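Good morning, and thank you for making time on the agenda. I would like to walk you through one structure, element by element.

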Amino acid sequence: MHALEVNFDGLVGPTHNYAGLSYGNVASLNNAASFSNPQEAVLQGLEKMKAMHDKGLTQGVFAPHARPDLNVLRRLGFTGNDSQVIHKAFKADPILLRACYSASAMWTANAATVSPSPDTLDGKVHFTSANLNNKFHRSLEPATTTRLLKAMFNNDSYFAHHTHLPAQGFFGDEGAANHTRLCDSHGEQGLEMFVFGASAFNSQLPKPAKFPARQTLEASEAICRLHNLKESSQILLQQNPDVIDQGVFHNDVIAVGNANVLLCHQQAFLNQHDALQEIRDAYTGSKQLYIIEVPTDKVSISDAVSSYLFNSQLVSLDDGSMLLVAPQECQRNSAVNAYIEEMILADNPVNQVQFFDLRQSMQNGGGPACLRLRVALNEQELAAVNPAVILTDTKYTQLCDWAKRNYRDRLGASDFADPALLTESYQALDELTQLLNLGSVYEFQLEG
């Protein structure tokens with residue numbers, strides 16, 4: 001059956017801000033305390049979505065989360081009405097308050113791991129929301145993410161949803177940011193690559209020394225079991241711990257795959273030569289598998305992290321070629337730009353590049369690939385998806401108008417003491433759930 005891959009891009013939330021909350025993410029740390037522009041951020045993301053739609057690709061929309069998270073503030077001892085909770089938290093611990101305002105759910109590559117039906121023993125598409133327990137501000141997300149996924153993929157005949165893994169470091173799970181699927185075509189059985197940073201139980205495996213390894217081997221193994229993956233559809237590899245210590249906090253900062261192409265840095269995996277041979281041996285497709293290994297002497301780890309070359313998207317076009325969807329930072333970096341030009345002229349399916357201005361997201365540590373969750377769907381499965389979350393020309397216009405009416409164009413540290421920001425954010429999201437036909441998915445709606 002014909003199938004395609006749909007990218008569901010995260011809408012940037014109304015409280016998008018730079019708080020430097022993500023230790024190990026160099027861009028996030030470097031831009032801490034800068035002023036953010038939520039309206040510009042959401043419009044930049046929508047522009048990328050529209051460009052993909054205009055190329056004939058099916059493009060989905062993933063709603064942001066409700067922020068600030070007042071429930072967690074109350075669990076932490078802040079009492080009173082909403083305004084009082086915000087005032088007390090701002091006075092007592094402004095960094096904690098900013099964490100509760102974080103719009104990090106915009107990076108939907110971390111939302112969940114998705115296994116398409118050709119890879120699963122029961123023939124369903126499986127979803128497991130990531131627990132994201134390594135960072136407090138992201139650990140607030142799994143329950144809402146699961147409700148959003150169920151509102152989008154709401155047919156039990158085709159979709160299976162799993163509760164996120166135990167929210168403990170032994171099962172640290174960062175979702176699709178450490179998951180890549182290689183296949184001849186999206187409707188055929190593929191090879192799902194699970195890349196972990198360390199093992200929680202096996203002390204013999206190496207670990208990074210400076211920054212945390214956010215994905216554990218044990219979490220990846222659990223996802224394979226939950227998703228009923230065929231043995232021939234799974235491979236587990238370890239990320240190079242040395243590059244984690246250089247700011248490569250997820251595998252999608254050092255490698256990206258699509259269909260029968262894997263683009264990776266020379267230092268992406270532990271024991272890289274053996275790892276790449278494992279991938280070749282495990283790949284069961286009939287088409288040629290292209291592994292494009294970027295040499296360190298052409299693109300350094302520092303350049304890879306600062307430009308987010310590997311956090312670009314690879315998408316398949318109707319003519320069989322592939323497009324690299326890259327941030328403008330790749331174009332501005334001379335070494336990276338030179339390599340991209342070399343790659344698109346070489347003998348591989350990647351023969352086009354398109355650069356996007358995603359500065360608001362990039363400054364907080366997320367590029368094009370961070371902003372999207374990939375879901376391969378056949379025709380029947382796509383027909384079962386909530387149609388209101390699929391981008392159309394009309395939907396794009398509606399969402400741009402919604403953002404311009406509801407989002408501020410400047411947020412700084414003092415703004416988080418303003419209870420009006422909460423009111424604006426909740427009102428915007430209440431309206432959005434109607435635009436996307438999601439029903440009541442946010443805590444403030446469920447409590448109302």
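**Helices, sheets and a cavity**

I begin with a pair of helices: I86, A89, F90 and A92 in α4 are in contact with P94, L97 and Y101 in α5. Please keep in mind throughout that this is a predicted model. Sorted by class, the residues of this contact are seven nonpolar, with no polar and no charged ones. Helix α4 covers residues 82–92 and helix α5 covers residues 94–101; their axes come within 5 Å and cross at roughly 130°. Angles over 145 degrees would count as roughly antiparallel, and α4 and α5 are therefore oblique to each other.

Strand β1, residues 3–10, pairs with β15 in the antiparallel sense, over seven bridges. Within that pairing, L4 stands opposite L377 in β15.

Which way does α2 run relative to α16? The axes of α2 and helix α16 (residues 393–406) come within 10 Å and cross at roughly 175°, which makes α2 roughly antiparallel to α16. On the α2 side, the contact is made by Q39, V42, L43, L46, E47, K50, H53 and D54. On the α16 side, D393, Y396, L399, C400, A403 and K404 take part. By class, the contact of α2 with α16 has seven nonpolar, two polar and five charged residues. For the contact of α4 with α5, I remind you, no polar and no charged residues were found.

There is another open sheet to describe. Its three strands follow the order β3-β4-β5, with mixed pairing. The edge strands here are β3 (112–115) and β5 (159–162), each of which pairs on one side only. Neighbouring strands of this sheet are turned against each other by 15° on average, with direction ignored. Strand β4, residues 125–129, runs antiparallel to β3, and four bridges join the two. One of the residues involved is T113, whose bridge partner in β4 is T128. Helix α7, residues 142–152, lies across β3, β4 and β5 and runs at about 155° to β4.

Finally, I come to the empty space inside the model. Rolling a probe the size of a water molecule over the atoms shows where such space is left. How many cavities of 30 Å³ or more are there? The count comes to nine. I shall describe the second largest cavity, which holds about 150 Å³ of space. Its lining consists of E5, V114, P116, A176, H179, R181, R372, L373, R374, V375 and A376. The elements that give two or more residues to this lining are β6 (179–182) and β15 (372–378). Which element provides the largest share of the lining? That is β15, with five residues. By class, the lining of the second largest cavity has six nonpolar residues, one polar and four charged.

Thank you for your attention.

Key: Residues numbered from 1 in each chain as written. Predicted model: local features only at pLDDT ≥ 70, side-chain atom pairs only at ≥ 80, totals over all residues. Heavy atoms only, no water. Axes fitted to C-alpha atoms, helices over the stretch in contact; angles between N-to-C directions. Parallel < 35°, antiparallel > 145°, perpendicular 65-115°, else oblique. Contact = heavy atoms within 4.5 Å. Nonpolar A, V, L, I, M, F, W, Y, C, P; charged D, E, K, R; others polar. 1 Å grid on protein atoms, 1.4 Å probe; cavity = no way out; pocket = protein on both sides within 12 Å on 5 of 7 lines; lining within 4 Å. Points joined across faces, edges and corners; volume = space filled by probe spheres on them. Pairing = 2+ DSSP bridges.
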